[in-house]
Amino acid sequence: MYIPYGTQSISEEDIQAVVKVLRSDYLTTGPVVKEFEEKVAAYTGAKYAVAVSSGTAALHAACFAAGIKEGDEVITSPFTFAASANCVLYCGAEVVFADIDRKTYNISPEEIEKKITPCTKALIPVHYAGQPCDMDAIYGIAGKHNLAVIQDAAHALGADYKGKRIGKMPGMAVLSFHPVKHITTGEGGMVLTDNEKYYQRLLLFRSHGITRDHSLLHRDGGGWYYEQQALGYNYRITDIQCALGISQMDRLDSFISRRRLLAGRYDEAFKEIKGIITPYQAEGCNSSWHLYTIQVENRKEVFDSLRKAGIGVNVHYIPVYMHPYYRGHGYRDVKCKNAEEVYSHIISLPLYPGLTEEQQDYVIGKVIEAVDEV
Ligand SMILES: *Cc1c(COP(=O)(O)O)cnc(C)c1O
């Protein structure tokens, strides 16, 4: 038996939805993409949604839409997947890391303030594990310094901040549909926004910078005429993938309530155990629980012993600037004390809708055993 830290839940309906597209006229750039976008937009409350080929492509597109370019600085968390920072480098801009809060593991607004310069153009807060960042403070800073806000909400589909669904806030929010995330399209991502200007730029960027929209063309060049107006990419997602996404959306609420229930069971099981720090939930935040992470004293031994017991624990995250690529490209002396401290103790336990209570109890037993041993 091997229990992964996260995995997809695929139903017979999901499979039938995909097969139906395979028998239809359009495999890509067809009506199912739009239908998926509308469904996620309706769920989150965002006005516009643009589906793309991955969460990483969505981050890149959002940076493009916000006008990030060479000479700009963009502030993000070091305690995230590399893609949250890489997207800034793709645009030729500089990424600046602001340390995290020791309790929530989310980017600290006070640390953001310290990193602001005249070159700062945007903020990329990451909702770690599905718990929203302190968005009131972040929007306060953004407003004061006229910065764009791109939420990396890859962990946070279905999370609420002060009663508001993630995706329904100014700027842009980015989702990922990788199989370990809340819903999957195999690979896939999406940008949510209420801003029409961003929306138009996202559409351009997804497909080579090309538009056929007559209201946007510089001149009337005939029925065949289209224009490449920017340098975009092929970041399109297929109808095959979006059919899976639509079908998964029907079960999103049940996926999230299952994740919340399992997280509650972990909390309960560990609350009396010395040597385990369970996740802290901030006021006004209702996490969608992409990850359940604990801090332990001797992480290496606990990690190795759980892996040996067939439990696919993981570590989220190695601070981005510690990777050799970053160290070799101007980030040699960067140090975010809190991110490094949390990194040295953190471990992600299995959490996904299909995890049974028996499996979870097995994990809990092994975790307590491993913590006791050290
Ligand atoms: C998964 C993830 C991404 C990237 O999404 P992909 O769909 O894998 O490209 C970006 N940021 C965070 C925080 C993620 O967890």
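## Basis of the values

Because the model is predicted, local features need pLDDT of at least 70 and side-chain atom pairs count only at pLDDT 80 or more, while totals for chains, interfaces and linings use all residues. Residues are numbered from 1 along each chain as its sequence is written, and side-chain values use heavy atoms, with hydrogens and water left out.

## Packing of α1 and α8

Helix α1 (residues 12–22) packs with helix α8 (residues 239–249) at an angle of about 150 degrees, their axes being 8 Å apart; helices here are DSSP runs of H or I with at least four residues, and strands are runs of E with at least two. The two helices are therefore roughly antiparallel, a term for angles over 145 degrees, and α1 passes α8 in a right-handed crossing.

On the α1 side, E13, D14, A17, V18, V21 and L22 meet D239, I240, A243, L244, S247 and Q248 of α8, where contact means heavy atoms within 4.5 Å. The residues of this contact divide into seven nonpolar, two polar and three charged.

## Backbone features in loops

The peptide bond from H316 to Y317 is cis, with omega near 10 degrees, and Y317 is placed in the loop between β16 (311–312) and α11 (324–327).

T29, in the loop between α1 and α2 (31–44), has a positive phi of about 55 degrees although it is not a glycine, and T29 is exposed (over 50% relative accessible area) at 56%. N146, which is likewise not a glycine, has a positive phi near 60 degrees; N146 lies in the loop between α6 (135–145) and β6 (148–152) and counts as exposed at 69% relative accessibility.

Terms used:
Axes are lines fitted to C-alpha atoms, for helices over the stretch in contact, and angles run from 0 to 180 degrees between N-to-C directions. Angles under 35 degrees count as roughly parallel, over 145 as roughly antiparallel, 65 to 115 as roughly perpendicular and the rest as oblique. A crossing is left-handed if the near helix is turned anticlockwise from the far one by less than a right angle, and right-handed if clockwise. Ala, Val, Leu, Ile, Met, Phe, Trp, Tyr, Cys and Pro count as nonpolar, Asp, Glu, Lys and Arg as charged, and the others, Gly among them, as polar. Buried means under 20% relative accessible area, exposed over 50%, partly exposed in between (1.4 Å probe, protein chains only).
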